[in-house]
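Work through the exercises below with the sequence and the model side by side. Try each task before reading its solution.

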Amino acid sequence: MDSSPILGSLNDAQRAAVIAPLTPVLVLAGAGSGKTRVLTHRIAWLIEAESASPHSILAVTFTNKAAAEMRGRVERLLGTPPGALWIGTFHGIAHRLLRLHAREAALPQSFQILDAEDQQRLIRKLLKAQDLDESRWIPREVQWFINSSKDEGLRPKDLKRGEDPVRAQMIRLYGLYQEQCERSGVVDFAELLLRAYELWRDNPSLLAHYRQRFRHVLVDEFQDTNSIQYAWLKLIAGPEGHPFVVADDDQSIYRWRGARVENVQQFRRDFPGGQLYKLEQNYRSTGSILAAANGLISHNTGRVGKTLWTSGDRGRPLQLYAAFNERDEAEFVTHRIRDHVLHGGQRREVAVLYRSNAQSRVFEEAFISARLPYRVYGGLRFFERAEVKDALAYLRLLVNRRDDASFERVVNLPTRGIGARSLDAIREAARSGGISLWEAAASPDLREELGARAAAAVGGFLALIERLAGETAGLALHEQVDRMLQASGLVEHYRRDRADRGEARVENLEELVSAARGFAADPAAAELPPLEGFLAHAALESGEGQADAWEDSVQMMTLHSAKGLEFPVVFLCGMEDGLFPHQRSITDIHGLEEERRLCYVGMTRAMRQLYLTYAEQRRLHGIDTYGQPSRFIKEVPPELIEEIRPRVQVTRPVTTGRLRREEPGLRGHEEPAAGVRLGARVRHGKFGEGVVLSVEGAGPHARVQISFERQGTKWLMVQYANLEPIA
DNA sequence: AACACCGCGTTTTTT
DNA sequence: ACGCGGTGTT
């Protein structure tokens with residue numbers, strides 16, 4: 001084999017996968033084993049060694065970030081931007097196909113994309129129009145039903161009604177929802193995938209064309225594919241194709257949103273001539289961390305099976321900290337990060353990972369009071385902010401008057417005298433006539449029905465949109481946006497309400513103009529007019545907050561959002577049964593195994609040092625709970641874990657800590673902890689009565705071990721336990 | 001149209 | 001505890 005730069009930097013296993021013959025290939029790539037590297041090098045190898053045309057390559061990822069990274073790395077490898085290459089997310093590529101073949105897909109040329117929130121709004125409207133009680137027909141559940149049906153490739157007509165009236169109603173709602181979308185010319189995310197699938201399935205000549213073209217299909221994170229995505233892949237690959245898919249079944253953490261890890265095994269059955277490659281050498285973590293992760297994940301059943309190893313050092317053992325409560329946990333983390341920084345480390349090297357977002361707060365509070373800069377991932381992204389979506393709704397109306405959701409959103413924003421009654425009349429007219437809200441509002445009949453005043457207000461709104469459409473035609477994109485913001489009165493509207501973060505909202509609107517200015521139509525939308533391209537971009541790429549990405553700050557995020565990232569120092573917090581594994585996943589084996597994979601993902605994020613922490617007591621939803629350490633801790637080989645105890649300083653007569661509330665004036669000199677002596681009887685609010693077995697520590701960290709009559713033996717922090725001595 | 005109050009749910013997230 | 005959505009009040 002030649003030693004071109006494409007192959008030179010690869011290890012044997014990686015190289016074998018990269019130069020695999022053109023048969024179906026499944027690469028099982030463990031965490032940190034260089035899977036993106038293999039994918040990008042495979043692409044480069046196809047082009048350089050196999051003389052594949054960039055035109056013939058289709059590479060699919062799940063996130064925009066992954067797609068951008070892959071594109072960047074391929075370009076660097078090849079030295080030139082291979083423009084003809086299709087690299088994108090499943091949704092992005094489906095979108096591109098649907099734009100190119102809108103007619104064959106029976107979509108209007110200027111169809112718009114509904115995000116999850118838009119979708120739920122639409123469903124709410126529908127439920128209201130159907131006079132269904134939202135407490136019985138929960139919008140979220142209807143949405144879930146519709147999306148998971150689509151994920152399975154099922155249309156309403158494909159669904160069996162059965163005996164269940166609830167199901168029958170759901171199917172009916174799905175049908176009504178779909179009709180509404182068609183009328184409005186909008187598609188939701190799941191629809192993008194399903195339509196793209198149907199487009200190929202139902203147009204054999206089109207499919208033949210694309211099969212001919214995309215001879216090389218590559219898929220990242222294959223274990224996360226859902227049914228329709230896999231069906232789509234099988235279509236484009238065809239029975240004779242040779243898809244190249246990279247997967248890690250141990251990192252499948254999205255079952256709850258339709259991902260089918262079984263697709264990994266299914267792939268081997270569907271493409272029997274395929275080759276399996278395993279990447280097991282890890283370049284990220286120390287030996288201890290890998291051994292811990294391997295030990296944990298070995299408790300799962302039905303794995304394809306692989307074991308990570310490293311040629312590097314064993315490193316330090318994992319550190320386990322048993323905190324008294326969530327505040328103590330946060331304080332411990334804060335201290336350790338401070339030490340890290342004191343020893344010359346950077347804050348950005350540290351990640352605090354947790355199972356659920358609610359856990360971030362305590363850490364934020366601790367970091368703020370320690371003046372430790374941090375950044376929380378997740379939350380609303382730019383294009384999801386209410387004011388930005390308001391502005392986008394105006395723009396969407398400019399492009400597509402039939403977009404009812406956008407119409408409803410801004411018809412009376414800012415308020416222009418179109419109240420609930422006028423809107424009801426418009427809705428009714430639209431429903432009875434089977435037309436869009438816009439058309440209904442414009443009909444002369446309706447004008448008569450409304451009072452003169454309301455009719456004028458509605459007319460004013462329609463005229464505004466028409467006028468804007470006329471005036472902005474031909475302007476540069478950012479000027480179109482700017483003009484719309486001014487003419488609609490949106491900026492003025494938000495400027496006025498200073499009370500409610502109005503200032504930040506105005507800034508976001510200004511930012512939207514900048515975003516429009518900087519919008520270089522991405523290739524997927526090159527066929528579109530700029531405004532349409534921009535709107536699609538806004539829907540498909542919600543806008544990662546890049547703000548202050550440069551400041552050196554501690555990174556905080558959920559375990560899910562940590563996937564794919566790595567950090568020298570990782571804190572895995574809230575390791576308690578019920579929290580992690582989460583209560584709602586604990587009972588069924590699939591749920592529990594997915595939680596375990598999530599833990600595996602978390603552990604394998606760490607490069608040098610991994611901390612596990614849990615709290616014996618945690619305030620959750622306003623009530624105190626007392627948890628057990630996570631079962632996952634026990635699944636890690638114990639010799640890899642070093643338990644950290646608070647600076648222990650056993651004092652015989654306990655003169656520190658306090659019982660009940662601290663009296664004013666006692667601050668500074670510690671109140672003797674009357675009654676908390678070895679052998680003393682105490683009462684606890686939750687656990688009842690017990691006997692003090694031992695006392696540890698001093699000051700705010702003092703803790704006592706108590707044997708409760710009914711709840712067994714617990715360690716509690718005197719500061720928080722509110723123990724009551726029993727005479 | 002702006003505000004107050006009530007009741008409810010509350011894992012994870014991308015597109 | 002807390003935030004959201006819905007309803008009712010001024």
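The exercises cover ring pairs, charges over rings, a helix crossing and single residues.

This is a predicted model, in which local features need pLDDT of at least 70, side-chain atom pairs count only at pLDDT 80 or more, and totals for chains, interfaces and linings use all residues. Residues are numbered from 1 along each chain as its sequence is written, chains are lettered from A and ligands numbered from 1 in the order in which they are written, and side-chain values use heavy atoms, without hydrogens and water.

**Exercise 1.** Classify the ring pair of Phe62 and Phe90, and say where its two members lie.

Solution. Start with the rule: rings of Phe, Tyr and Trp (its six-membered ring) pair if their centres lie within 6.5 Å; planes under 30 degrees apart are stacked, over 60 edge-to-face, and the rest tilted. For Phe62 and Phe90, the centres are 5.1 Å apart and the planes stand at 55°, so the pair is tilted. Next, locate the residues, taking helices (H or I, at least four residues) and strands (E, at least two) as DSSP runs numbered from the N terminus. Phe62 is in the loop between β2 (57–61) and α4 (64–78), and Phe90 is in helix α5 (residues 90–100), so that the pair links distant parts of the chain, 28 residues apart. Then check accessibility, where buried means under 20% relative accessible area, exposed over 50%, and partly exposed in between (1.4 Å probe, protein chains only). Phe62 has 23% and is partly exposed, whereas Phe90 has 2% and is buried.

**Exercise 2.** Which residues have a charge over the ring of Phe111 and over the face of Trp438?

Solution. Apply the criterion: NZ of Lys or CZ of Arg within 6 Å of the ring centre and within 35 degrees of the ring normal. Over Phe111 sits the charged end of Arg99, 3.8 Å from the ring centre. Over Trp438 lies Arg401, at 5.4 Å from the ring centre.

**Exercise 3.** Describe how helices α16 and α21 cross and which residues meet.

Solution. Axes are lines fitted to C-alpha atoms, for helices over the stretch in contact, with angles from 0 to 180 degrees between N-to-C directions. The axes of α16 (residues 386–399) and α21 (residues 452–472) come within 9 Å and cross at roughly 75°. Angles of 65 to 115 degrees count as roughly perpendicular, and α16 and α21 are therefore in that class. Contact means heavy atoms within 4.5 Å. From α16, Tyr394, Leu397 and Leu398 meet residues of α21 including Phe461, Leu464 and Leu468.

**Exercise 4.** Is Arg396 buried or exposed, and what does Arg396 touch?

Solution. Arg396 lies in helix α16. Its relative accessibility is 11%, so Arg396 is buried. Leaving out residues up to four places away in sequence, Arg396 touches Gln112, Ile113, Leu114, Asp118, Val186, Asp403, Ser406 and Leu535.

Definitions and conventions. Parallel < 35°, antiparallel > 145°, perpendicular 65-115°, else oblique.
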